[in-house]
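Here is a friendly walk through one protein model, meant to be read with the structure open beside you.

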Amino acid sequence: MSTTAPVRNVVLVHGGFVDGSGWQGVYDLLVEDGYQVSIVQNPTLSLEDDVTVTSRVLDLQDGPTVLVGHSYGGAVITEAGTHEKVTALAYIAGFAPDKGESVNTLIADPPPGAPVPPILPPQDGFLFLDRAKFADSFAADLPPKLSAFMADAQVPWGVDALSEAITEPAWRVKPSWYLVATEDRMIPPPAQRAMSERSGATVVEAAGSHAIYVSNPQVVADLIKQAAQAAGSRQ
């Protein structure tokens, strides 16, 4: 049994169409175990802005930090993770672009037979999911009342955020972990596996929808704690 103290700071970054409140289950579990957890409320207007907002939260951390991103939040942590306080990255069914790639380039060529996310045509530069199809695509393993609430509480996702490319991917210089949600209908599991393999991540797979961070906070918290323990041993 390791006697090395794990990294105690965790910063959580949400993805598109949602806000940071979905992290509450993960937050509660980590705080119970003594972690200091901060949640980024990124506006999802542009990648550059979300990286700036995330960096502000990282500036406030008092030491080494595990930076966690779900879905589009994975692109945010890929860019923001070069911050000096970030010692490990954790992707939760998230995009992990390489240099020059954007979310748009990663979704341009889906695997054969993969479900197509029900993203509506842009409205004034913003994207929404079809509310009638939100539960099936994003949150199939959540109680119907909760998935309906999430559908009606959608945060507009700026089209600019999808098109901006990564300049220096943090996973090339920082150790990373990746949770593959095997029932995901937003980012196909084969695409998640390909990104995690390319990044050299330590991978855990678990049954769950794209909203696995809400439906199964324990498996998400466990992955984060694994990253924190391993990162602590490197200090």
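Leaving out residues up to four places away in sequence, Gln-61 touches Asn-9, Val-11, Gln-36, Ser-38 and Lys-85. Please keep in mind that this is a predicted model. Gln-61 is found in the loop between H2 and S3. Is Gln-61 buried or exposed? With a relative accessibility of 3%, Gln-61 falls under the 20% cut-off and counts as buried.

A polar contact of 3.2 Å links the side chain of Gln-61 to that of Ser-38. The Gln-61 side chain also reaches the backbone oxygen of Val-57, at 3.0 Å.

**Leu-58 in helix H2**

Leu-58 sits in helix H2, which covers residues 47–59. Its relative accessibility is 0%, so Leu-58 counts as buried. Which residues does Leu-58 contact, leaving aside its neighbours within four places in sequence? They are Val-11, Thr-65, Leu-67, Ala-80, His-83, Lys-85 and Val-86. Take His-83 from that list: Leu-58 and His-83 are 25 residues apart in sequence, and their C-alpha atoms are 7.5 Å apart in space.

Now for the strands. An open sheet is built from 6 strands with parallel pairing, in the order S2-S1-S3-S4-S7-S8. Strand S2 (36–40) and strand S8 (202–206) are at the edges with a single partner strand each, so one side of each has no neighbour in the sheet. On average, neighbouring strands of this sheet are turned by 20° against each other, direction ignored.

Strand S4 (residues 86–92) pairs with strand S7 (residues 176–181) in the parallel sense, over 4 bridges. Within this pairing, Leu-89 has Ser-176 in S7 as its bridge partner. Helices pack on the sheet too. Helix H3 (residues 72–80) touches strand S1 (9–13), strand S3 (65–70) and S4, and its direction makes about 145° with that of S3. Helix H10 (residues 217–233) touches S1, S3, S4, S7 and S8, with a direction at about 165° to that of S7.

Strand S1 deserves a visit of its own. Its pairing with S2 is parallel and has 5 bridges, and Val-10 stands opposite Val-37 in S2. How many residues of S1 are buried? The count is 5 of the 5, so S1 is largely enclosed by the rest of the structure.

**Aromatic pairs**

A pair of aromatic rings is described by the distance of the centres and the angle of the planes. There are 5 aromatic pairs in this model; the table shows two of them.

| Pair | Type | Centre to centre | Angle between planes |
|---|---|---|---|
| Tyr-72 and Trp-157 | tilted | 5.3 Å | 55° |
| Phe-134 and Phe-138 | stacked | 5.0 Å | 20° |

Tyr-72 belongs to helix H3 and Trp-157 to strand S6 (residues 157–158), so their pair ties together parts that are 85 residues apart in sequence. Tyr-72 counts as buried because its relative accessibility is 0%. Trp-157 is buried as well, with a relative accessible area of 5%. Together with Phe-17, Tyr-72 and Trp-157 form one aromatic cluster.

Phe-134 and Phe-138 are 4 residues apart in helix H5, which means that about one helical turn separates them. Both Phe-134 and Phe-138 are buried.

**Helix H6 and its two sides**

Our last stop is helix H6, residues 144–152, whose buried residues are Ser-147, Met-150 and Ala-151. Why do these residues lie on the same side of H6? They cover an arc of only 100° around the axis, and that places them on the same side. On the other side of H6, the exposed residues are Lys-145, Phe-149 and Asp-152. The buried residues of H6 pack against helix H5 (131–138) and helix H9 (212–215).

How values were computed:
Residues are numbered from 1 along each chain as its sequence is written. This is a predicted model: local features need pLDDT of at least 70, side-chain atom pairs count only at pLDDT 80 or more; totals for chains, interfaces and linings use all residues. Side-chain values use heavy atoms; hydrogens and water are left out. Buried means under 20% relative accessible area, exposed over 50%, partly exposed in between (1.4 Å probe, protein chains only). The arc is that of the directions from the helix axis to the C-beta atoms. Contact means heavy atoms within 4.5 Å. Two strands pair if DSSP finds at least two bridges between them. Axes are lines fitted to C-alpha atoms, for helices over the stretch in contact, and angles run from 0 to 180 degrees between N-to-C directions. A polar contact is a pair of N or O atoms within 3.5 Å; within protein, one must be able to donate a hydrogen and the other to accept it, and residues adjacent in sequence count only if both atoms are side-chain atoms. Rings of Phe, Tyr and Trp (its six-membered ring) pair if their centres lie within 6.5 Å; planes under 30 degrees apart count as stacked, over 60 as edge-to-face and the rest as tilted.
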